[in-house]
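The following note sets out points for a colleague who is examining this model. Please read them beside the sequence and the coordinates.

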Amino acid sequence: MKPITPETRMADLIEANYGLLHVLARLGMEGAFGERTIREECDKHLVDPATLILICNVYSRPGYTPSEALLRDGRVEDILRYLHRSHDYYIKDALVNIAGSIEELISPCTPTQKQVIRTFFIDYKSELEKHFAYEEDEVIPYVQNLLLGKRNAGFSIDRFEENHSNIDEKLSDLKSLILKSLPPVCDNSLRVRLLIFLYALQGDLACHTRIEDEVLVPMVRLMENPAARYPDANGRAEGAPDGEGESEVLSGREKEILVSVAQGLLNKEIADRHNISINTVITHRKNITRKTGIKTVAGLTVYAILNNLVDIDNIPH
């Protein structure tokens, strides 16, 4: 992709990455762009071009990290606007669409299968809503006060970063459960359609999180301490994305460990039950996660029930 500049035509921007259509819509930029440039479209919608380019680069360039100069040139008000409207999209559109698709997909399942999938999704939805509520109620007002010259002594952007939860794991587990564990009686065309949406949402949420971590947090840090220096992008290590891992069959011992995990036992309790060391338990759990593609205890519990490794009545509530 060519470097994005204020003189890049909007149509060329979309041609290079059509996924930006969702991003631009959240900033009020949608419809026919004609021959207008980024600068012209930003002037029309009162958005800072440098900030829009920051957002587009995060969505278009894996591992992108803006320099201090770009962060200082950006406008934090537009980042807040993007984040707020993204929250609305995720809660009011994306989650509603997923809920409806899941209900349609699991309609031929057994009552137990329906129950565990519904409960898992409800827990994920609640976690996501809590995550965004924290940002709406604590983080955004804090930054808005900073813009007004007011400083909340009981809060800082470092506190947000410390409590910034990972919103990707349960979505990844939901995707794995639908892909691998729902019975064949489920309509495959519905399954594929839902999976395509979940993969796209996962990528969108990952970029959303990177905008918070790589753009908002350092921008606000510079507002809190204008004299502070921010590491140059070239000096920052870029983490490689997690691999999907090979799909392998669980061993008998791994199934036993999985059942213990689903029953709510801690590592030490699992070690005592199976007369093995805690390190061995940890190794088994890593292998289980690698083979199933599922990271959370809730996800593994649903996996165990759907694959008839444990009865739902033996799961603590």
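1. Confidence. The pLDDT is the predictor's confidence in each residue, on a scale from 0 to 100. For the protein chain the average pLDDT is 88, and 92% of the residues score at least 70. Residues 231-247 have a pLDDT below 50; beyond near neighbours in sequence, this stretch has 14 contacts in the model, a contact being heavy atoms within 4.5 Å.

2. Basis of the note. This is a predicted model, in which local features need pLDDT of at least 70 and side-chain atom pairs count only at pLDDT 80 or more, while totals for chains, interfaces and linings use all residues. Residues are numbered from 1 along each chain as its sequence is written, and side-chain values use heavy atoms, with hydrogens and water left out.

3. Overall architecture. The protein chain contains 14 helices and zero strands; helices (H or I, at least four residues) and strands (E, at least two) are DSSP runs, numbered from the N terminus. The C-alpha trace spans about 60 × 45 × 35 Å along its principal axes. Of the 317 residues, 45% count as buried; the term buried denotes under 20% relative accessible area, exposed over 50%, and partly exposed in between (1.4 Å probe, protein chains only). Among contacts between residues at least 6 apart in sequence, 74% join residues at least 24 apart.

4. His-87. What surrounds His-87 beyond its sequence neighbours? This residue belongs to helix 6 (residues 76-105) and is buried, with a relative accessible area of 4%. Not counting residues up to four places away in sequence, His-87 touches Phe-132, Glu-135, Glu-136, His-208 and Glu-212. With Glu-135 there is also a side-chain to side-chain polar contact of 2.7 Å. A polar contact is a pair of N or O atoms within 3.5 Å; within protein, one must be able to donate a hydrogen and the other to accept it, and residues adjacent in sequence count only if both atoms are side-chain atoms.

5. Helix 11 against helix 13. Two packed helices are described by the angle between their axes and the distance between the axes. Helix 11 (residues 252-262) and helix 13 (residues 278-292) pack at an angle of about 95°, and their axes are 10 Å apart. Helix 11 is therefore roughly perpendicular to helix 13. Axes are lines fitted to C-alpha atoms, for helices over the stretch in contact, and angles run from 0 to 180 degrees between N-to-C directions; under 35 degrees counts as roughly parallel, over 145 as roughly antiparallel, 65 to 115 as roughly perpendicular and the rest as oblique. Helix 11 contributes Arg-253, Glu-254, Ile-257, Leu-258 and Val-261 to the contact, and helix 13 contributes His-284, Arg-285, Asn-287, Ile-288 and Lys-291. By class, the contact has four nonpolar, two polar and four charged residues (Ala, Val, Leu, Ile, Met, Phe, Trp, Tyr, Cys and Pro count as nonpolar, Asp, Glu, Lys and Arg as charged, and the others, Gly among them, as polar).

6. Helix 14 (residues 297-306) is mostly covered, eight of its ten residues being buried. Among the buried residues are Leu-300, Val-302, Tyr-303 and Ile-305. The buried residues pack against helix 7 (111-147), helix 9 (169-180), helix 11 and helix 13. Just after helix 14, Asn-308 takes a positive phi of about 60°. Asp-311 lies in the segment after helix 14 and is partly exposed, with a relative accessible area of 40%. The Asp-311 side chain reaches the backbone nitrogen of Asp-313 at 2.8 Å.

7. Positive phi in loops. Most residues other than glycine have a negative phi. Leu-46, which is not a glycine, has a positive phi of about 60°; Leu-46 lies in the loop between helix 3 (38-45) and helix 4 (49-60) and counts as exposed at 66% relative accessibility. Asn-275 has a positive phi near 55°. This asparagine sits in the loop between helix 12 (267-274) and helix 13, and at 72% relative accessibility Asn-275 counts as exposed.

8. Ile-38. Is Ile-38 buried or exposed? Ile-38, found in helix 3, counts as buried at 0% relative accessibility. Leaving aside neighbours within four places in sequence, its contacts include Ile-4, Pro-6, Met-10, Leu-13, Leu-52 and Ile-53. Ile-38 and His-274 are 236 residues apart in sequence and 62 Å apart in space, C-alpha to C-alpha.
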